[in-house]
Amino acid sequence: MTEGLPVPSPAGLAGISSLTMDPECSQLLPALCAVLADPRQPMADDTCLEKLLDWFKTITEAGSSLLLLQENPCLVELLCHMLKPQDLSSRVLSFSLRLTGVLAAQEDCFQYLQEDSSLFVASAAGQLLVHILGLSMQGPAGGPPSLEAGDWPACAQKIVGHIEESLRATATPQITQALNVLTTTFGHCHDPWTQVLWVQLSPLVASLLEKDPVPAAHSLVDLLLSVARSPGLSSSSCGLWETLAQTLSRLSPTQAGPLALGILKLQDCPQALRAQAFAVLLQPLACVLKATAQDPGPSGVPPGTVGASVAAGTPLSSKAACVGLLCRSLAHLELLLPLPQRPCPWPQAPLLGAAVTLLQLCGGSARPACDTGRHLGTLLLGCVRVQRAALDFLGALSDGTGPRELVTQVFAVLLEYLRSPDSSPTVLKKAFQATFRWLLSSPKTPGCWDLDPHALLFLRDLLPVLQKRLCSPCWEVRDSSLEFLTQMTRHWGGQAGFRHALLASEVPKLTEQLLRDPESYVRASAVTAMGQLSSQGLCVPPAGPEHPGGPQKSLLVELLHILSTDSEGFPRRAVMQVFTQWLRDSHADVAGDAEQFVAGVLQVASQDLDWEVRAQGLELALVFLEQTLGQPRSHCPYAVTPPVEAPVGPLAQALQPLCRVRLFDFAFRALFDCDRPVAQKSCDLLLFLRAKTASPSGLQESRSSPDVASVEAALQSWQAGDQAQPLGDLEPEVVLAVLRSLDLEGLRGALAESSDHVERSPQSLLQDMLATVGVLGENEADCY
Amino acid sequence: MKLYCLSGHPTLPCNVLKFKSTTIMLDCGLDMTSTLNFLPLPLVQSPRLSNLPGWSLKDGNAFLDKELKECSGHVFVDSVPEFCLPETELIDLSTVDVILISNYHCMMALPYITEYTGFSGTVYATEPTVQIGRLLMEELVNFIERVPKAQSASLWKNKDIQRLLPSPLKDAVEVSTWRRCYTMQEVNSALSKIQLVGYSQKIPMDQASLKNSDVLILTGLTQIPTANPDGMVGEFCSNLALTVRNGGNVLVPCYPSGVIYDLLECLYQYIDSAGLSNIPFYFISPVANSSLEFSQIFAEWLCHNKQTKVYLPEPPFPHAELIQTNKLKHYPSLHGDFSSDFRQPCVVFTGHPSLRFGDVVHFMELWGKSSLNTVIFTEPDFSYLEALAPYQPLAMKCIYCPIDTRLNFIQVSKLLKEVQPLHVVCPEQYTQPPPAQSHRMDLMIDCQPPAMSYRRAEVLALPFKRRYEKIEIMPELADTLVPMEIKPGISLATVSAVLHTKDNKHVLQPPPRPAQPTGGKKRKRATEDIPDCKVLKPLLSGSIPVEQFVQTLEKHGFSDIKVEDTAKGHIVLLQEAETLIQIEEDSTHIICDNDEMLRVRLRDLVLKFLQKF
C-alpha cells in the first residue's frame, strides 16, 4: 500500500478561498446591496456587517479595488445611494462609509470614486477625511507637496477649512469629531506637511483650553499625545510643550491623568514638563500622605506635588470622585513603573508609604491625626476598588527596594489583609499575589536561595492565616490560598527554612483534604498544590490504617482516582498536568515503574470526555517518548537538558516500551479525535516519532504484512467515526509501517485550517445575511 | 416630656418616658456583665475551682478570704452570681402605666420591675419576643438554681471594703443594688402581665411611620461596629473546620436562641464542603428543644426569604434537617442521654456566654487543658477576655468572632437621613468613637442638631413643645351643634363628646347614650363604663361696660363707688362694703370679705351684662 490514507485534502478548500470575489458571491451581491439600501429591511445583526467589511478588506488587500468596483457596479450604487438624505440605519451608513474608506485606499480606486465629486465632501466621516487628506497631500505625481498651506490642493484646503470651522464650533460633538480627525491624521501620517497643519491649527486647539469647562477633554488629550508622538513634528519648534503644560494645568485631575502618563512615556520631552506630568500622577497619593501624616514634615514626594487644592481637599472630597481618582492614579503609576523612561529619581519610599497608608485607611487601621485624614478614612473604609488597586500597585512596587521599616509595614499591612475576615475574595487574592511578590523580592543572603530571616518570621505568622483560609467557607478563598501555596512551594520548596515552617504547620494535611472539596476549581488547585508538595517531598504521611502504601503512593492512587472518577474536567486536567510534570521530573513514585504508570494514565485519559485531558495525555506520551528514545530536539537551544540515555539497542527494542504502554493505540485514536487540538497534537507527536525513526539503517519495515493491513483498516474505520474496532497488540514493525503510510503532513495541513472554515466562507455569510431578511427568491411570491 | 434613663447599658436599655399624663417604660434590659465578677458555677464538682486560694489584703488581712478567691491574678466573688438591675430610685415605678418590650434581649429585667415595685400596668410585646424571652429566662433560672450555693457573699459590698478591693471589683457600680436571679414563679407572674401585640408591622421595619418624628430614641446598635457579621460567620466556620480537622473539639458559648440559628444554617451549608459530615454537633440547653421548634413557627417575623418558605414543605431554618440526619443532637443538660452519646471530636453549642453558669462551665474545665480544642465566642455581650479570666491558665485556643446583627453606624446614618427626626436621644457611648478606635469618626452618631446623650440615672427634658392640635368632629356630632353668634362672624357652641385619640389623630365622637333603665337588675358592665356627663354650667360671653355697671350698682343701693383704671381693665371699689370688683378682658373677680350673700348679689349683677349659652 503506497497511497496515503484518505484525509481531507486542502485542495477541497480551494473553492472557498476568500481572496477573490467568486461568481457565486458576485451573484448574491446585488441583492444584498439592495437590502442594505432599503431602510425598510433593517439588518438585525451588525456583526455580519463587520464580517462583510473584513471580507472586503481581504479582497482589496489581495487584488485591485478598482476591478472590484468595475465588476460589481452595485457597490458604487450602494455608496451613492447613501448620500441621499433618507432614513438610513446608522449601522448601514457606518458600514458604507468604512467600505468607502477601504476602497479609496487604493489610488486608482480613489480616482474612480472621485468622479462623483460630492461623495467625500458630503461625508464628514473622520477616517475617510483623514485618508483623503493624506492622499490629496501626496499629490498625483508623488512629488513633495508644498509646505505653504495656501498652495495645498483644493480638496485638502476644504477639509482643513471644515476642521477649523468645527474647532470654532460651540457644540462639543463637533469639536470632538474635529479633534478625532486630527488625532488620526497625526497618528497615521508623519509627512512634513503635518507640521504645517499643526502650526496652522494649534492656536485653535489652544483656544479650547480657555473655555470652562474644557470641551472634549478626552479627545483633546488623545490629539495632543498623537501630535507629541508623531515623528513628523519637531515638538520644540511648534509650541507643543507649552500647550501640553497648559493643558495639564487646565484639566481636572481625573482628565489630566492619561495625558500625564502619555507625556511621561514620550521619549524626549523637557524635564520641566515631565516633572509637571509626574506631579499630576502623584498628587492624589501626596494628598493621602499629607492628610494622614503624623507630623506635617516633608512627605518625600517631589516638591510642588501637593498644590493649593489639597487644602480644600477638592479631588478627595466626595467618595465617588476620591475612589475614581485614586484608582486611576494607582493604575497609571503601575503602568509607568516598569518603563525605562519612568521618572528618575523614582520616589519609591513615599509611594510605598502611600500604598500602605491607603490600604490601612481602607482597612480602618490607619490613625490619621487631622480631620481631613479622618474624613478620607470614612470615605475609603471598606472600599474594595481602592483595595484592589492599591494591592496591585503595592505588588508592582516590590521590584524596587524600600527602607527596612517601610518594608516591615508592607508585610504588616499584607498580613492584616490576609487575616481580616472582611477582606473580599478578590482583595484576598490580590493580597496573596502581592505577598508572594514581596517575599520574592525580600533580600537574599548571597549564595542562599532561602527566605531571609525577616521573611521567615513573617512566614511564621502567615502559615496560621493560610491554614484558616484553607478552611474558608468561601471557595474562592480556598482556591486562591491553594494557588498561593503552590507558588510558594515551587519557589522555596527546596529551602530548609521554608520546609521546616511548612512541615510544622497543618497546611500540607489540610491541602490533602481539599482534594475532596465539593468545588471543582478547589479540587483542581488542590491537585496542583499536592503535586507540587509531593515533588518537593513535603507531603505529610497520613495517619490511619487506610493508607498502607505510604504517603507518596497513596497520593498517586488518589490522583488516579480523581482522574478516573471526578465528574468535573478541571481536577482531571490538573491531575494530568501533575502526572506529566512528575514524569518529566522523574518523580520517585513514577520513576520506579514508569511504564506501568504511563500505561495506566494513558488508558484512563483515552476514555476521558474532556479534550484537554486527552491533549494533556499526548503531552505525557511525548515526555515518555522523549525519555524512551532520547531527546532529539530541544525547544530552547540554551536549555539545560538532563542527560537522557540514547537508545542503545536496535529501534525495535527502543519502540517496545512504547508498544507495551499502548502509546500508539492512544496516539492513533487521538489522530482522529473529534476535537481538533487533540488531533493536531497527536499528529505532531507521530511526525516527531517518524522523524526520529527515519534512520536508513533502521528496522526492517513490514510494509505488506496482514498486521499492517488490519491496522490500516481499523484506522480507516476510526476516521469514519467508528472507534469501536480494537487495534490489538501492535508490534514495532507494524507501527513503523503504518507511520510511513499515513499522510501526516496532509492531515496536519487540513487540521491547520480553522475548524469552522466552511461556516466562515464569504458565500455562507452572504447567504446568511440574505436569509435573515428573507429575500432569497421564492419567498417573495408568497408575501402579500 | 421627660426621659428617665434607668440603664446605662446601650444595648440593654430601660428608659421611662413621661408625657402628658402617661408614663411609659421603653424596654427592660438586664445588665448581666456584673456576673463576670463572680466565680463560675460548676455543674460537676471542680477541684480546681474549689481549691482556689482566698484573697487577702496587702497587709495580709484575710477576713475576706471566704468571699473572694484569686485566680491567675484576678479576684472573683465566690457567691451566687448577681445582676445589675435598672435604677429603681429615680422614679416611682408603680406609676408606670405601660411597659413596651421591643425584643427578647430587652426584657430580662422584667420580673424585677413587675414583681417588686408595685407596678400595676400592662406590658406589651409581640409573641416571639415573649416566647423566646421566656426561654432565655427559663434557661437562666435553671442554670443558677441547679447549682445551689450555700454561701452568699455580702461583706465585700460594703462601701468601705469595696474601696480596698482590686479592679474591676473596686470600680463596680451600685453593687449594693445587685440582686440574685429571680425564680421561675416570678418569671411566670411577670409574663402573665404581658399583653401580646398582633402582627401588623412590616419586616424589614417600615421606616415611613418614623418619618419626621419629634424625638428619636436610639438604642441597641451593634456592640462591635468594626466586625462585619458576614465576615465573622466566615471566620467562625474557618476556625471551626480548622480545629475539627486537627482532631480538636469546638465549644461555642451561646444563648439558646438568636445567632445560633444562623450559625447552624451556615454550618448546614458548609459541613459537607468542609468534610465535616461525620462530626457531631451538640446543642445543650434546658430549652434547646423548645428553641429549635419555636424558631420554625414564627416565620412571619423573619426576613422575606424565610417567610416564603412557610409555603414550602421545608422549614424556614435548615436545622430541622440537621436533626433528622442526626448531625445535630440536642440535650437539656450534659447529664443523662448526652453522656452516653458523647463522641469526640465534636462541636458543642451551649450557654451561658458569660461562662459563669450553665453547661459551658463544665466544657471549659474539660477541654481547657488541650491546645487542640477551641472556644469560639460569637455572642458580643461579654468581653471574652473577662469571661475567660477564671479559667486561666488556659491551653485551648480562643477565637473571638462576635456576630452582632444590630444596626451599625452606616445604617443609622442612612436611617437618620431618611427619617429626619427633629431630635435624637442616645446613650452617651454613641456620641464618640469607641475608646479603642478613637480615630474612627465613622463609629459614632453624627447628626444635626447633635444627639442628646444620656447615662444611667439621668433625667432628660426632651425638647418637645406642646402645641395646639387639630380635632375632627364626626358628622353626626356636628349635626347636633347649635352655634350662637356672639360677634359678627364668630359663633360658639357647646359640645359634649368623647375625645378619641390614636396615632396622634384626635376625633370627637358623639357620647354614648346613657343606658336605659330596664327596671330589672341593673348590672354595670365594663363596656358601659362611660364618662360621667355632669350638668354643665353655662358659658358666658360679652363684655361689661363699666359706666353702666356703676349705674346699676348705684340703682341697687351701693354708694361711694370709685373706679380705677388698670393696665388690663378696671377695678370697681365699693369702699363702704370694703369690696373690690376686678374687671378684666377675660375674667372678673369679686373680692369681698367672707360675705357670700354680697358676693352672690354682685355676681348676679355682673351676669346681667353677659350672654349665657
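Trainee: Which residue forms a salt bridge with A:Lys509?
Mentor: A salt bridge is a side-chain nitrogen of Lys or Arg within 4 Å of a carboxyl oxygen of Asp or Glu. Here A:Lys509 pairs with A:Glu506, and their closest N and O atoms are 3.8 Å apart. Before we go on, some ground rules: this is a predicted model, in which local features need pLDDT of at least 70 and side-chain atom pairs count only at pLDDT 80 or more, while totals for chains, interfaces and linings use all residues. Residues are numbered from 1 along each chain as its sequence is written, chains are lettered from A and ligands numbered from 1 in the order in which they are written, and side-chain values use heavy atoms, with hydrogens and water left out.

Trainee: Are A:Lys509 and A:Glu506 buried, partly exposed or exposed?
Mentor: Buried means under 20% relative accessible area, exposed means over 50%, and partly exposed is in between (1.4 Å probe, protein chains only). A:Lys509 has a relative accessible area of 35%, so it is partly exposed. A:Glu506 is partly exposed because its value is 26%.

Trainee: Where do B:Glu87 and B:Arg456 lie in chain B?
Mentor: First, these two form a salt bridge, with closest N and O atoms 3.0 Å apart. B:Glu87 is in the loop between strand 5 (74–77) and strand 6 (98–100) of chain B, and B:Arg456 is in the loop between strand 17 (452–454) and strand 18 (458–461) of chain B, so the pair links distant parts of the chain, 369 residues apart. B:Glu87 has a relative accessible area of 11%, which means that it is buried. Salt bridges can also share partners: A:Glu512, A:Arg516 and A:Glu558 are joined into one network that way.

Trainee: What does the secondary structure of chain A come to?
Mentor: Chain A has 40 helices and 0 strands. Of its 784 residues, 49% are buried. Helix 37 (residues 732–741) of chain A is mostly covered, with 8 of its 10 residues buried. Among them are A:Pro732, A:Val735 and A:Leu739.

Trainee: How do I read a sheet?
Mentor: Strands of a sheet pair through backbone hydrogen bonds, either parallel or antiparallel. The rule used here is that two strands pair if DSSP finds at least two bridges between them. In chain B, an open sheet of 3 strands has the order 19-23-22, with mixed pairing. Strand 19 (471–473) and strand 22 (498–502) of chain B stand at the edges with a single partner strand each, so one side of each has no neighbour in the sheet.

Trainee: How many bridges join strand 22 of chain B to strand 23 of chain B?
Mentor: There are 5 bridges, and strand 22 of chain B and strand 23 (residues 505–509) of chain B run antiparallel. Across this pairing, B:Lys502 stands opposite B:Lys505.

Trainee: Through how many residues does the hairpin join strand 27 of chain B to strand 28 of chain B?
Mentor: The hairpin joins them through 3 residues. Strand 27 (residues 579–584) of chain B and strand 28 (residues 588–591) of chain B run antiparallel and are joined by 4 bridges. Look for B:Ile581, which stands opposite B:Ile590 in strand 28 of chain B.

Trainee: Which residues does B:Asp65 touch, not counting those up to four places away in sequence?
Mentor: Contact means heavy atoms within 4.5 Å. B:Asp65 touches B:Gly54 and B:Trp55. B:Asp65 sits in the loop between helix 1 (47–50) and strand 4 (68–71) of chain B, and at 26% relative accessible area B:Asp65 is partly exposed.

Definitions and conventions:
Helix = DSSP H or I, 4+ residues; strand = E, 2+ residues; numbered from the N terminus.
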